[in-house]
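Subject: Structure handover and findings

Hi,

Here is the structure we talked about passing over. Please load it before reading the notes.

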Amino acid sequence: MIVSATPNNDPIRLRIAGVVPESVSDGPGLRTTIFFQGCPHACPGCHNPHTWRFDGGREYSLHALLESLPLNSLISGVTFSGGEPFAQAVGAARLAACIKAVKPNLWVYSGYCWEDLLARRSEPGFGELIEH
């Protein structure tokens with residue numbers, strides 16, 4: 001069970017705009033999509049501008065978020081979208097590690113260019129999230 005991967009008293013907190021339990025538009029197969037809250041990019045034409053504010057959405061403990069994910073056998077993978085998952089890189093990396101223990105297919109959508117992510121990989125969480 002995914003919740004057993006992290007203790008209930010883990011200090012990681014994540015601000016999440018929402019979770020789509022079953023999506024066919026956020027990667028291959030049937031996926032669970034987690035929309036992170038907060039985005040520094042404000043890209044023109046963004047289809048999720050409601051995720052830009054860093055004080056929006058709902059705050060979850062890592063344990064509570066993992067407990068709420070419906071990762072049954074029909075789910076082929078998990079997608080992180082946003083907002084910007086790398087704006088919460090430390091928490092997103094911990095979440096990714098727990099998810100990949102049971103669902104190895106993980107996609108992360110980001111507004112950063114690949115080269116920018118690689119240049120920031122020494123910042124807390126960036127390298128770990130890139131690896132996942």
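This is a predicted model: local features need pLDDT of at least 70, side-chain atom pairs count only at pLDDT 80 or more; totals for chains, interfaces and linings use all residues.

Residues are numbered from 1 along each chain as its sequence is written, and side-chain values use heavy atoms, with hydrogens and water left out.

**Sheet**

Five strands make an open sheet of mixed pairing, in the order β3-β1-β2-β4-β5. β3 (58-61) and β5 (106-108) are the edge strands; each has a single partner strand, so one side of each has no neighbour in the sheet. From one strand to the next, the twist averages 35°. Strands here are DSSP runs of E, at least two residues; helices are runs of H or I, at least four; both are numbered from the N terminus. Two strands count as paired if DSSP finds at least two bridges between them.

β1 (residues 13-23) and β2 (residues 31-36) run antiparallel and are joined by five bridges. Ile 16 has Phe 36 as its bridge partner in β2. Helix α2 (residues 89-100) packs on the sheet and touches β1, β2, β4 (77-81) and β5. The direction of α2 makes about 170° with that of β4. Contact means heavy atoms within 4.5 Å. Axes are lines fitted to C-alpha atoms, for helices over the stretch in contact; angles run from 0 to 180 degrees between N-to-C directions.

Arg 15 has Glu 59 as its bridge partner in β3.

**Two buried charges**

Lys 103 sits in the loop between α2 and β5. Lys 103 is buried but has no salt bridge. The nearest side chain of opposite charge is Glu 22, 11 Å away. For charge, Lys and Arg count as positive and Asp and Glu as negative; His and the chain ends are not counted. Buried means under 20% relative accessible area, exposed over 50%, and partly exposed in between (1.4 Å probe, protein chains only).

What does the side chain of Lys 103 reach? The backbone oxygen of Asn 72, at 3.0 Å. It also reaches the backbone oxygen of Ile 75, at 2.6 Å. Not counting residues up to four places away in sequence, Lys 103 touches Leu 71, Asn 72, Ser 73 and Ile 75.

Glu 84 is in the loop between β4 and α2. Glu 84 is buried, at 0% relative accessibility. Its side chain makes a polar contact with the side chain of His 41 (2.8 Å). A polar atom of that Glu 84 side chain also lies 3.0 Å from the backbone nitrogen of Phe 86. A polar contact is a pair of N or O atoms within 3.5 Å; within protein, one must be able to donate a hydrogen and the other to accept it, and residues adjacent in sequence count only if both atoms are side-chain atoms.

Glu 84 and Gly 38 are 46 residues apart along the chain, yet their C-alpha atoms are separated by 6.2 Å. Other residues that Glu 84 touches include Cys 39, Pro 40, Tyr 109 and Tyr 112.

**Backbone**

Most residues other than glycine have a negative phi, and most peptide bonds are trans. Two places to check here. The peptide bond from Gly 82 to Gly 83 is cis, with omega near 20°. Gly 83 is in the loop between β4 and α2. Ala 42 is not a glycine, yet has a positive phi of about 50°. Ala 42 lies in the loop between β2 and β3 and is partly exposed, at 38% relative accessible area.

**Salt bridges**

There are four salt bridges. The term means a side-chain nitrogen of Lys or Arg within 4 Å of a carboxyl oxygen of Asp or Glu.

- Arg 13 and Glu 59 meet at 3.1 Å, N to O. Arg 13 is in β1 and Glu 59 in β3, so the pair ties together parts 46 residues apart in sequence.
- Arg 53 and Asp 55 have their closest N and O atoms 2.8 Å apart. Both residues are exposed.
- Glu 123 and Arg 120 meet at 2.9 Å, N to O. Shared partners also join Arg 13, Arg 15 and Glu 59 into one network.

Best wishes
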